[in-house]
Amino acid sequence: MAYKPTIGLEIHAELKINSKMFCSCKNDPNEKRPNFNICPICAGHPGTLPVANEEAIKRVIKTGLALNCKIAEDSKFDRKNYFYPDLPKGYQISQYDQPLCSGGYLEVDGKKIRITRIHLEEDTGSLVHPDGADYSLVNLNRAGVPLMELVTEPDITSGKQAREFAQELQMILKYLGVSDADMEKGLMRVEVNISVSKTSKLGTKVEIKNLNSFRVVEKSVDFEIKRQTELLDAGEKIVQETRGWHDKKEITFSQREKEEAHDYRYFPEPDLPPLHFEKEYIEKIKSEIPELPGQKRERFAKEYGLDESSVEIFVTNKDLSEYYEKVVSEFEEWTPEDDNHKKASKLVANYLISDIKGLLAGKEFVEKEFKITPENFAEFIKMIYKNEISSKVAKMVLTDMFNTGVDPSTIVDENNLRQMTDDSELEKIIKEVISKNKKPAEDYKFGKQNALQFLAGQVMAQTRGTANPVKVSELLNKLLN
Ligand SMILES: [Zn+2]
């Protein structure tokens, strides 16, 4: 019988708000000058008084509502006492027994992962360890930055699920605009609690800290499941400890053994009043929640008839999906019938996902840097849809539009690229091609199929791609037989 993994996550995200949690210092994760955005409050001088940042409270409530949590009617801040060199006060203002949000869930891959709680606290400063130096430096720019902590129930059972949860949460935080949640920049940090067991009794829990990418979340969990399983199979015991991830060796390693649970001596923060939220206040925040990734997935599949992978590309790239919808709305009147509308919508999606992605060459789509207006893009799609340009010409036109921002009809007219509609004209060109290429024409008559492709290629070249390829092969067949 296999061991069953039990995994819970603790995720911290720095809120995207201009000022810190309890003072008016600037919250700027990109500030390079050390100890630049600090004041006596976030530097922990005695006798200073904190004032809670209401916007931060609102954003955590908003996140809780988006994640199906219950919002506390009454809440408060507590002091969590411990000593760290990057925490000059000697305690962190956090929330203990009355978190802002509790009891929600997030659906990942059809499975509900329950959320225990989401609370609000302040971030600590950071320590800098200069290369080769025998000292460390303290930078308090981050001290007092509003930090949200989310804790899940141990409902996750694989590295993949852990990664997907973190990814989906990141997307939601971005959609809500509450956090940039960039893992590389440390704006979102994931910790994993993991144990394995064959029985309903949970195994010894190991904590993995400092995971700074989705890939590492998945890999470290899978590694740890394997490590614990092998140890137990060999008759050994799991040590309760905190482990880190070694990215080069792709292993977890012991950082410190867990002493008994810390006694943080939590007590209510005496310098901050308790919080009370009226129903109307919560409702108001609820009404400001935008469409979330899950809703968008459903809507894009239903409204535009797109397949799952196309939908996902749009859901993960907000700018691209907004642009897409602008283009589609451009021909709302032009293709009122549902069927045509879906067909045209799919065509737009295909060109955006494959051709534009190719032209962007690895760069992310950013609408304000994109030269093609939604109107021009819609016009371009109409031309393809109405067979005014061939798919080969379409690629040339699109590249031109991408580079210059010029509208498609100007490009098509100036270069005389409209699809040939005159069959007699095309027949004339084909006859010429046949007479100039006697050998391949003969070869074809003796059964060489690729000779036909060669001749078709010559015709397309003669017409600069404006001939309809289906027509070309029809006429070639007629004239050669
Ligand atoms: Zn400050």
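Visitor: Where is the place of Leu-137?

Guide: In this predicted model, Leu-137 lies in strand S9, which covers residues 137-139.

Visitor: Is Leu-137 buried, partly exposed or exposed?

Guide: A residue is called buried under 20% relative accessible area and exposed over 50%, with partly exposed in between. Leu-137 has a relative accessibility of 42%, so Leu-137 is counted as partly exposed.

Visitor: Which residues form a nonpolar patch on the surface?

Guide: Such a patch joins nonpolar side chains that lie within 5 Å. Here Val-128, Tyr-135 and Leu-137 make up the patch, and together they have about 270 Å² of accessible area.

Visitor: Which residues form the negative surface patch?

Guide: That patch consists of Glu-73, Asp-74, Glu-278, Glu-280 and Glu-283. Glu-73 sits in the loop between strand S2 (70-71) and strand S3 (74-75). With a relative accessible area of 54%, Glu-73 is exposed.

Visitor: How many aromatic pairs are found in the whole structure?

Guide: The search finds 19 aromatic pairs. In one of them, Phe-365 and Phe-370, the ring centres are 4.8 Å apart and the planes stand at 55°, so this pair is tilted. Both Phe-365 and Phe-370 are buried.

Visitor: What kind of pair do Phe-377 and Phe-380 form?

Guide: Planes over 60 degrees apart count as edge-to-face. Phe-377 and Phe-380 form an edge-to-face pair, with 70° between the planes and 5.9 Å centre to centre. These two residues are three apart in helix H9 (residues 374-385), so about one helical turn separates them. Phe-377 and Phe-380 are both buried.

Visitor: Which residues form one aromatic cluster?

Guide: The cluster comprises Tyr-323, Tyr-351, Phe-365, Phe-370, Phe-377, Phe-380 and Phe-402.

Note on methods: Residues numbered from 1 in each chain as written. Predicted model: local features only at pLDDT ≥ 70, side-chain atom pairs only at ≥ 80, totals over all residues. Heavy atoms only, no water. Patch = residues over 30% accessible without salt bridge, like charges linked within 9 Å, V, L, I, M, F, W, Y side chains within 5 Å. Areas by Shrake-Rupley, 256 points an atom, 1.4 Å probe, with all protein chains shown as cover. Salt bridge = Lys/Arg side-chain N within 4 Å of Asp/Glu carboxyl O. Lys, Arg positive; Asp, Glu negative; His and termini not counted. Charge placed at Lys NZ, Arg CZ, Asp CG, Glu CD. Helix = DSSP H or I, 4+ residues; strand = E, 2+ residues; numbered from the N terminus. Buried < 20%, exposed > 50% of the residue type's maximum accessible area, 1.4 Å probe, protein only. Phe/Tyr/Trp six-rings, centres within 6.5 Å; stacked < 30°, edge-to-face > 60°.
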